[in-house]
Amino acid sequence: MSLQDSSPASTAGKSSPAASGGPSLLARLANPRVYCALLALSLLVIIPAWSGSTFVIHVFVTICVFGALATAWNILGGYAGQLSLGHTVFYGIGGYTAALLLDSFGLSPWIGMIGGAALAALVSVGIGYPCFRLRGPFFSLATIAFLEVVRLLAIHFNGLTGGSAGLVVPLQIGWPWMIFREKINYLYIAFGLLLLSLAVSYAIRNSRLGYALTAVRERDSAAQAAGININGVKLWAIAISAALTATVGTFHAMYMTFLEPATLFSLATAIEIAMFALIGGLGTVAGPLLGTVLVVPLAELARGWLGASANGLHGFVYGTVLVVITLTLPGGLVGTFGPFVTRLIDRLPGGGRTRPETVAPAAKLVGGTVGEPVLKATNLVKRFGGLVATDNVSLTLKRGEILGVIGPNGAGKTTVFAQLSGFLAPNAGTVELLGQDGKWHQPKTPDAFARLGIGRTFQIVQPFGKLTVLENIMIGAFLRHRSVDDARAVALRVARTVGLYELKDVEAGTLPIGGLKRLEVARTLATEPTILLLDEVMAGQSQSDTLKMVELVRAIRDSGVTVIAIEHNMQAIMSLSDRIVVIDSGKVIAEGAPETVVRERRVIEAYLGEDFVHAQGL
Ligand SMILES: Nc1ncnc2c1ncn2[C@@H]1O[C@H](COP(=O)(O)OP(=O)(O)OP(=O)(O)O)[C@@H](O)[C@H]1O
């Protein structure tokens, strides 16, 4: 079995988010997914321009504005799974920054737009840094709290913002001032901003950052094991999302020509934006816009027809659609109908093309002298309350060896692994790693351990369930390869190596346990580790699959990777290991060659009990 198979691979282009680079602009335009999307988008300008009605143009400006806002929100809420309900804080910052720069310094709103975007990005990092520690509803509540604080500040500093009385935008007409007599010009700008949001969202979705965000949303521990700095990528997401939101906020303030804290920092608007994305499909490029297209015209038409008697009716319309969609289509419009529509579109001329063949870049060769220490754990102590799970454990891993770790259930093996990979900080003791630079390092976080070459699997498998098998492996490959094409080619090579190639387009969550165990190994192997920590990867495998796994682990070692494996399958671990460490009650009780260790009295006692040892006269 070879780990360096670099044969080219071609697959049908249906997994997402995947495509990148390569084809020329013309070739891209000939793709029905592209030309259908452009045609559908152009209707947002053609219909109102053709109708000429001021009301219709207003509805379409509103669609473009909220479509852009929902698309921007989705970068954080959908891709990263951080449900911000205070996003209008950035929208308001965009509006007020441009209006104040215009009012005080006569600066064009186009410049104010850039200033607002930069300020919103900065503020977003300030909000995100403390709030990303919070999970689920607590994060959402914290974003609402920030929004309320900023709204109250805007009211309080009335000398600057005009307070609750509001601020009127100086009425200078023309493109430099973003104020027009002809409403259609607003539509062109709103449409441009929508295109900008969609382009950024699409680019992120198909980039290394997009994969990282999806990984963090699905399983943050597996993402960390793949070397992803989870707070770092979330900060990128919130900064980009905030900058886009502020950009739209600037335009919308100019369009309304009047700013007041209640409108610009409105909680109701923040919830609406999130709702549009939810209705259309969270984490998809087209979903937020589709949700907006479905709901905004309904609400605006109801408001237009019923006038003042229908005050607040739009909220009722939004609520009704949201309830119906969440009850009947939990994946939103795109999540539910997307695959079907995509299949139909792919039947159009130019559709259903296969990806070009790609060759995986060669895996980096692991340098160093066989037998030299590569990892030193010294006197590790880990307590959980009164339980000492790891009690002064010291071990040294030597380059090129397979070290087996055995011990009865609850002995502390996984706890040791968690400390060797940065997932648990020891209460005492140190873990040192020999880096590729020849120096010893003491990394602190799991992603720092991964970057230094530690690859770990999890005893309880951690697949990114909604992604395909190939995309799961790609997330590992991104640690050493920035380009999507390279990561994909590496993932295909690894999929072949571990026997998952045939299942590469299957949703990972549907794999049986044996497949999931192999996927754990594949994702870890794709990070091109120098030290591989395998936690019970034989569990749940058939006998033939166990033999294949044994062969695979040997091949990994032969490629220069050092392996440390926890295993309950005694036959497999004994045949595989060069050395065995036995842990019982958090302590190392024996260490040495497999055949010697299994004969040790303390080991037999740990597994079979004192009575057995006495009965056998050992
Ligand atoms: N996060 C935690 N909080 C509290 N106790 C924990 C935690 N993690 C592990 N433990 C306890 O620490 C002890 C060692 O657990 P650990 O999972 O490391 O054992 P193990 O040798 O890997 O067991 P197994 O072979 O069954 O997987 C057990 O008693 C376990 O209940």
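Trainee: So two strands pair if DSSP finds at least two bridges between them; how many bridges join β5 to β11?

Mentor: Four, and the two strands run parallel. β5 covers residues 402-406, and its V405 stands opposite V581 in β11. Bear in mind that this is a predicted model, where local features need pLDDT of at least 70, side-chain atom pairs count only at pLDDT 80 or more, and totals for chains, interfaces and linings use all residues. Residues are numbered from 1 along each chain as its sequence is written.

Trainee: What's on the antiparallel side of β11?

Mentor: That's β12, residues 587-592, joined to β11 by five bridges. D584 has K587 of β12 as its bridge partner. The hairpin of β11 and β12 has two residues between the strands, and S585 there takes a positive phi near 50°. Strands here are DSSP runs of E with at least two residues, helices are runs of H or I with at least four, and both are numbered from the N terminus.

Trainee: Is β11 largely enclosed or exposed, and why?

Mentor: Largely enclosed by the rest of the structure, because six of its six residues, 579-584, are buried (20 or more other C-beta atoms within 10 Å of their own, with C-beta atoms placed from the backbone). R579, V581 and I583 point one way, while I580, V582 and D584 point the other way.

Trainee: Switching topic, which residues are around the ligand?

Mentor: Among them are F384, L387, A389, N409, K413, T414, T415 and Q459.

Trainee: OK, how many residues are in the largest nonpolar core?

Mentor: It has 181 residues, and C64, A190 and A491 have the most contacts inside it. Such a core is a set of buried Ala, Val, Leu, Ile, Met, Phe, Trp, Tyr and Cys residues joined through C-beta atoms within 7 Å. Helix α3, residues 54-79, gives the most to this core, with 17 residues.

Trainee: Where does this core lie relative to the domains?

Mentor: Between domain 1 and domain 2, because both give residues to it.

Trainee: Which residues make up each domain?

Mentor: The assignment gives 33-266 for domain 1 and 373-462 + 533-616 for domain 2. Those bounds come from an automatic or database domain assignment. Taken over C-alpha atoms, the centres of domain 1 and domain 2 are separated by 49 Å.

Note on methods:
A residue is near a molecule or strand if its C-beta atom, placed from the backbone, lies within 6 Å of it. A residue is buried if 20 or more other C-beta atoms lie within 10 Å of its own, exposed if 12 or fewer, and partly exposed in between; C-beta atoms are placed from the backbone. Two strands pair if DSSP finds at least two bridges between them.
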